[in-house]
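Trainee: Can we go through this model together? I would like to start with the ligand.
Mentor: Fine, let us open it.

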Amino acid sequence: MAVKKKSNTKEETAPTIGLVSLGCPKALVDSERILTQLRSEGYQLSPSYEGADAVIVNTCGFLDSAKKESLAAIGEAMAANGRVIVTGCMGAEPEQITKEYPKVLAVTGPQQYEEVMTAVHAAAPPVHDAYVDLVPPQGIKLTPRHYAYLKISEGCNNRCSFCIIPSLRGDLVSRPIIQVLAEAERLLKAGVKEILVISQDTSAYGIDSKYQAYPWKNRTIRTKFIDLCRELGELATANGAWVRLHYVYPYPHVDEVFSLMNEGKVLPYIDIPFQHASPAVLKNMRRPAHQEKTLERIHNWRKMCPDLTIRSTFIVGFPGETDEDFEFLLQWMQEAQLDRVGCFKYEPVKGAKANELAGAVPEEVKEERWHRFMQVQQGISAAKLKTKVGKTLPVIIDEMKDGVYIGRSSADAPEIDGVVHVTGKNLKQGDIVQVKITQSDEYDLFGKVVG
Ligand code: SF4
């Protein structure tokens, strides 16, 4: 599709750039930064490969299947356009890309925004008088306007044996707290109603900068997990918005956040990737905080914050996982009664230490364990959701589908958790309404607006 040219506008000569964003929410935030930079320099964004002056592919290199998907996306862009700039996690190992696609214009690694822009300038020089005012102050979001991911740090100090993110993205680098809060303020001012805090390890925020302190609104605040949660909570509640925490590890200082949840400053929701429960598997996984007595911690958290929703992810079929380890995990799940759970079958990642471990689990065993795990969790989830029938919950409206509004309660993060099917009238995306729950199933709730 050729880009239409109109006369007498600066936009007519502005080069157009396409962007394909693959991978996790962190990669999505990188794409948003690139888009924001492109628009601030006057570039137009192309909805298709054809007609674009160049295409940026932001890749994911976390799992081999993600790498395959990234290579396929590069291939598609090469075939349809031919002027392709590759960035993102896979860009950390450029030879994997250039071996298959020697004609890509440039390959840059994750967060190398400047290098991406240098490659864009070389491929399609910007117009002189850039339209800086085309960029909304909050930047360009790929998420719907009513929620936004807020990335608080890059990289990770942990060395989980199945993960290559630290070798791709480096050690933890926290953004100064005032920078993060200024971004949150801009987002809220632009109408964002839910801020989703993301990083590789949210509770480690600020460790790298020794919790550097900054002046902020007549007081001093530290680049630290609890200060960040408190300040974000203040900003969000003043704007009638929600704050949700992702990728938190159960370090002891995390307990401090539950009082903010009880006060309604931060959603009573915590996303903790436990990955397993068996001490032997966790040790082999080299998980952070693997020696914590997590069941005890979970029970205490629930006492501290009775409305708490705990979401987690798990891996089954990790090398060396025995039948006993797996049964231990199932038993642990019954006791932990987590609210929201995702489960993956272990997949070796090139370059990961876990590949050197003995005891590979056969695919059919992984498959069987995954089904058993999901069955157990489905039962827990259905029973937990049933207890919500008859209650009235605040729900944020995401969209209208087949005549019914689709929203989420505090227990549901976008894209990964369940939803609330809402009957109501004249609701808008981003509205937060009170919904009386009338019905539940394994993953979702159903209800009608009250009040
Ligand atoms: S915490 Fe572990 S899994 Fe998560 S990014 Fe760091 S090393 Fe990878």
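**Ligand, pockets and strands**

Trainee: Which residues surround the ligand?
Mentor: The ligand is surrounded by Cys156, Asn158, Cys160, Phe162, Cys163, Ile165, Pro166, Gln200, Tyr249 and Arg287. A residue is listed if one of its heavy atoms lies within 4 Å of the molecule. This is a predicted model, in which local features need pLDDT of at least 70, side-chain atom pairs count only at pLDDT 80 or more, and totals for chains, interfaces and linings use all residues. Residues are numbered from 1 along each chain as its sequence is written, and side-chain values use heavy atoms, with hydrogens and water left out.

Trainee: How does the shell around the ligand split by class?
Mentor: That shell has 7 nonpolar, 2 polar and 1 charged residues. Ala, Val, Leu, Ile, Met, Phe, Trp, Tyr, Cys and Pro count as nonpolar, Asp, Glu, Lys and Arg as charged, and the others, Gly among them, as polar.

Trainee: And which space does the ligand take?
Mentor: The ligand takes the space of the largest pocket. To sit in a pocket, a molecule needs more than half of its atoms within 2 Å of the grid points. On a 1 Å grid over the protein atoms alone, a pocket is an open set of points with protein on both sides within 12 Å along at least five of seven lines, whereas a cavity is a set where a 1.4 Å probe fits but cannot get out; lining residues have an atom within 4 Å of a point.

Trainee: How much space lies in the largest pocket?
Mentor: About 1200 Å³. Grid points are joined across faces, edges and corners, and the volume is the space filled by probe spheres set on the points. The largest pocket is lined by 47 residues, and the closest to its centre are Cys24, Lys26, Phe62, Tyr247 and Phe344.

Trainee: Which elements give two or more residues to that lining?
Mentor: They are α1, α2 (64-80), α5 (165-169), β9 (194-198), β14 (309-316) and β15 (340-345). The largest share, 4 residues, comes from β15. Helices (H or I, at least four residues) and strands (E, at least two) are DSSP runs numbered from the N terminus. By class, the lining of the largest pocket has 29 nonpolar, 9 polar and 9 charged residues.

Trainee: What about the second largest pocket?
Mentor: The second largest pocket holds about 550 Å³ of space. Of its 27 lining residues, Pro268, Asp307, Leu308, Leu393 and Ser410 are the closest to the centre. Two or more residues each come from β12 (242-245), α8 (257-262) and β16 (392-401). The lining of the second largest pocket divides into 13 nonpolar, 7 polar and 7 charged residues.

Trainee: Changing topic: what is the strand order in the open sheet of 5 strands?
Mentor: The order is β2-β1-β3-β4-β5, with parallel pairing. β2 (44-45) and β5 (106-107) stand at the edges with a single partner strand each, so one side of each is left without a neighbour in the sheet. Two strands pair if DSSP finds at least two bridges between them.

Trainee: How many bridges join β1 to β2?
Mentor: Strand β1 (residues 16-21) has 2 bridges to β2. In β2, Leu45 is the bridge partner of Ile17.

Trainee: Is strand β6 buried or exposed?
Mentor: In β6 (residues 147-151), 5 of the 5 residues are buried, so the strand is largely enclosed by the rest of the structure. Buried means under 20% relative accessible area, exposed over 50%, and partly exposed in between (1.4 Å probe, protein chains only). Tyr147, Tyr149 and Lys151 point one way from β6, and Ala148 and Leu150 the other way. β6 runs parallel to β9, with 5 bridges, and Lys151 has Ile198 of β9 as a bridge partner.
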